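Please keep the sequence and the model in view while reading.

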Amino acid sequence: MIEIKDLHKSYAIGKSSLHVLKGINISIKEGELVAIMGSSGSGKSTLLNILGMLDVAEEGTYTLDGVEIKDLNETKAAKYRNKFLGFVFQSFNLINYKTAIENVALPLYYQKVPRKERHKKAMQYLTKVGLADWSGHLPSELSGGQKQRIAIARALAAQPKVLLADEPTGALDSTTSYEVMQLIQEINDEGKTILVVTHEDDIAQMCKRIVLLKDGLIIEDKEVNQIRASDHV
Amino acid sequence: MMLLFKRDIWQEIFGSIRKNRARTIITVIGVLWGIFIYIVLSGAAKGLDNGFEERFEDVAMNSMFAWAQQTSVPYAGFKTGRSIQLKLEDVDLLKRRIPQIEFIAPRIVKGAFGGEAGSVVFGQRVGVYSIYGDYPVLSKIATQKIYNGGRFVNEGDIAENRKVCVIGERTQKELFAKDEDPIGKFIQIDKVFFRVIGVKKFEDGGGFGDDGDITIPFSTYRKLYNTGNDVGWLAIAAYDDADVIQVEKNVKSQLKKIHQIAPEDERAIGSFNLGELFTRISGFAKGLTFLSLVVGIATIVAGVIGIGNILLIAVKERTKELGIRRALGATPSEVRGQIILESVFLTLIAGILGIVLGAFVLKMIAVLSQDTDIPYTNPTVPIPYVLGALFVMVVLGTLIGLIPAQRAVSIKPIDALREE
C-alpha cells in the first residue's frame with residue numbers, strides 16, 4: 001500500500017538547515033495498523049506530513065497504492081489527499097461553525113458528491129462512530145472524545161485508502177483515548193490501512209506494528225501482539 | 001462560472017458569512033454607505049435639475065428683456081449722460097428688422113423699480129402694489145397662470161382702453177375676504193375704478209415681480225398715468241431655433257440705431273436673457289451631477305477596498321479552517337473561488353441595500369420639499385446608472401477579493417494546520 005524509499009527532508013532554520021529525515025525506508029501493506037513512535041524532534045510528524053502530501057520530500061520516492069507521488073502541485077495534492085487519505089489530528093480540527101454532520105460531509109463535498117447522498121453517507125459514518133444522535137450539534141457542544149470520533153468519521157467518509165492519525169489521543173484522557181483506539185482498531189479490522197503517530201507506549205501497543213524513529217532514522221521496526229482496547233474499557 | 005449556480009457553494013458562503021456576523025455587518029455598511037451616498041447625491045442633483053427646469057418651464061427659454069438707460073458716449077451731437085426712453089414705435093421697427101423675433105411685448109410698470117406704486121382700495125381695505133401695463137402677447141412669452149373663472153388682458157381690453165385688472169394672489173388675500181370671489185368686483189387703483197377680471201398665480205420668472213402685482217391693459221395704463229408712447233422695457237421671445245444671444249445683440253444694436261446712440265455705447269441699453277441664465281443654472285446642475293458621480297464612485301471604491309481589507313483579516317483568522325478544508329481535499333481554485341464569491345456576494349448585498357435605502361431617502365426628501373420654495377422635483381437616478389454602479393461594485397469586489405483569495409491559497413495547508 002505504501003512504499004517509501006530513501007526519504008530525506010530538511011528544514012531551513014535561519015542560515016543553517018535541520019536534517020529531519022535522513023533516509024527513511026518503509027513498506028506498509030494493506031490492512032496494517034502501524035504506530036510511528038519517537039520522541040519529539042525524531043521526525044515522526046514530518047514523516048506523516050509527507051505521507052499525507054501536506055509536505056514534500058527532497059529526496060526519495062513515495063508510492064501510494066501503486067501511484068508514485070511526485071511533482072505535486074497544490075491542486076494535484078488536494079485531489080490525491082481527497083481520494084487517498086483521511087486525516088485525524090490531535091486537535092481534532094473540526095470546523096467550528098459547522099455541525100457534526102456537516103463536518104463529516106465536507107470531504108464528500110470536495111469529492112463533488114451530490115447533496116442528498118453526501119448527507120446519507122455522512123449519517124452512515126456518524127452512526128458507525130456512535131454519534132448519530134449528535135449530528136446537529138456544533139463541535140463546541142461535544143466532548144473531546146466525541147470530537148475525535150467525529151473527526152474519524154470525517155476521515156472515513158471519503159473512503160480513503162489510508163487513514164493518517166497524528167497523535168489522535170494526544171488531547172484526550174486515557175479512558176477516552178482507549179475508546180478512540182477501540183474505534184480505530186474496529187476500522188482496521190474491516191481492512192483499512194491506518195498509521196498512528198503517537199508517543200504513548202500503551203497506544204502503540206494497541207497497533208499491530210511499531211516503527212520507532214530517532215533522529216530521522218528508523219531504529220526499530222517490529223510486529224507486536226496487538227492489545228485490544230476493548231480489554232481496557 | 002457554474003460555481004455560481006450550485007446550492008452547495010452558496011451554503012458554504014452563507015455558513016462562513018453567518019459565522020462572522022460582526023465582520024459581515026461592518027463590511028456591508030462600508031459599501032452600503034458608498035452606494036447610498038452615490039444614489040442620494042445623484043438623485044438630489046437630478047432633482048435640483050428637474051426643479052430648475054420646472055421653475056423655468058413657464059418662461060420661454062429663448063426669451064430676453066431689453067430696457068433703456070443713460071448714454072455713456074457722446075454721439076451724433078448729443079452729449080453723454082442722455083436718458084433714453086423706449087417708445088411703442090420701437091416694437092414694430094424691431095419686429096420688422098429682426099426676423100428671429102417671434103413675440104415682442106412692450107411693458108411698463110409703476111412701483112416695481114423704485115418710484116411710487118399704485119395705491120389700491122377695495123371697500124375698507126387699502127394696499128400699495130406695483131401696477132403693470134401689459135399687452136396680451138406677454139402671455140406668449142411668459143405663461144400667465146390665471147385661476148379658474150378669470151382671464152388675462154385681451155385685445156379687446158387694449159382696443160377699448162377698458163378699466164380692467166388682473167390681481168396677484170397676495171392682492172386677493174389682502175383686499176378680499178376669504179370666501180369672496182374677486183372676479184367682477186371693482187377696486188380703486190389710484191382713485192380710478194377697475195373691474196377685476198382675473199387672479200394670477202405667481203410664478204417666479206427671473207428676478208422681478210411678486211405675488212401682489214396688478215396688471216392692467218397697456219392702453220389703459222398710458223391714459224391713467226399720462227405716459228404717452230413710453231415703454232418701460234421690452235420682453236422678447238425669439239423663435240425656438242434662433243440663438244437668443246445673437247437676437248439680444250441685434251435688438252441692442254437696432255435700439256441704438258433708432259435712438260441715435262453710439263454703437264459702442266455699452267451702457268445705454270440694458271438687457272438680460274433667460275437663455276443664458278438657464279444655461280448657467282443647468283450647467284450648475286450638470287456640474288452637481290458630475291460631482292455626485294465622482295464622489296459616489298470614490299465612496300464605493302473606498303467601501304470595496306474596505307471589504308478587501310476585512311476579508312484579508314478574515315482570511316488570516318480563518319487560516320486554520322482553510323487549512324483543514326485543503327487537507328480534506330479542497331483545491332486552491334475552490335478555496336479562491338469561495339473567497340471571491342464571498343466578496344462579490346457581500347458587495348452585491350450591500351449595494352442593493354444601499355440602493356434601496358438611497359431611494360427611500362430620496363423619496364423622503366421629495367416629500368418634505370414638496371410644498372417649499374426649494375427647486376426640487378422628481379429626484380431620480382437613471383436605471384442604467386444604478387446598474388452601472390452595481391456592475392462597478394461587482395467588478396471591484398471580484399478584483400479586491402482576489403487579494404485575500406490569493407493569500408488564502410498561498411499559505412501551505414501544513415502551516416495552516418500547525419497554527420493554533
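A polar contact is a pair of N or O atoms within 3.5 Å; within protein, one atom must be able to donate a hydrogen and the other to accept it, and residues adjacent in sequence count only if both atoms are side-chain atoms. Helices (H or I, at least four residues) and strands (E, at least two) are DSSP runs, numbered from the N terminus.

The model is predicted: local features need pLDDT of at least 70, and side-chain atom pairs count only at pLDDT 80 or more, whereas totals for chains, interfaces and linings use all residues. Residues are numbered from 1 along each chain as its sequence is written, chains are lettered from A and ligands numbered from 1 in the order in which they are written, and side-chain values use heavy atoms, with hydrogens and water left out.

**Chain A**

Chain A contains seven helices and 10 strands. Of its 233 residues, 53% are buried, where buried means under 20% relative accessible area, exposed over 50% and partly exposed in between (1.4 Å probe, protein chains only).

In helix H2 (residues 74–84) of chain A, the buried residues are Ala77(A), Ala78(A), Tyr80(A), Arg81(A), Asn82(A) and Phe84(A). The N-terminal end of H2(A) is capped by Asn73(A), with a side-chain oxygen 3.2 Å from the backbone nitrogen of Thr75(A).

Arg209(A) belongs to strand S9 (residues 209–214) of chain A. This residue counts as buried because its relative accessibility is 8%. Two partners of its side chain are tabulated below.

| Partner of the Arg209(A) side chain | Distance |
|---|---|
| Glu32(A), side chain | 3.0 Å |

Leaving aside neighbours within four places in sequence, Arg209(A) is in contact (heavy atoms within 4.5 Å) with residues including Leu33(A), Val34(A) and Asp221(A).

Ile184(A) lies in helix H6 (residues 174–189) of chain A. Its relative accessibility is 1%, so Ile184(A) counts as buried. Leaving aside neighbours within four places in sequence, Ile184(A) is in contact with Leu33(A), Ile152(A), Pro168(A) and Ile194(A). The C-alpha atoms of Ile184(A) and Ile194(A) are 8.0 Å apart, and the two residues are 10 residues apart along the chain.
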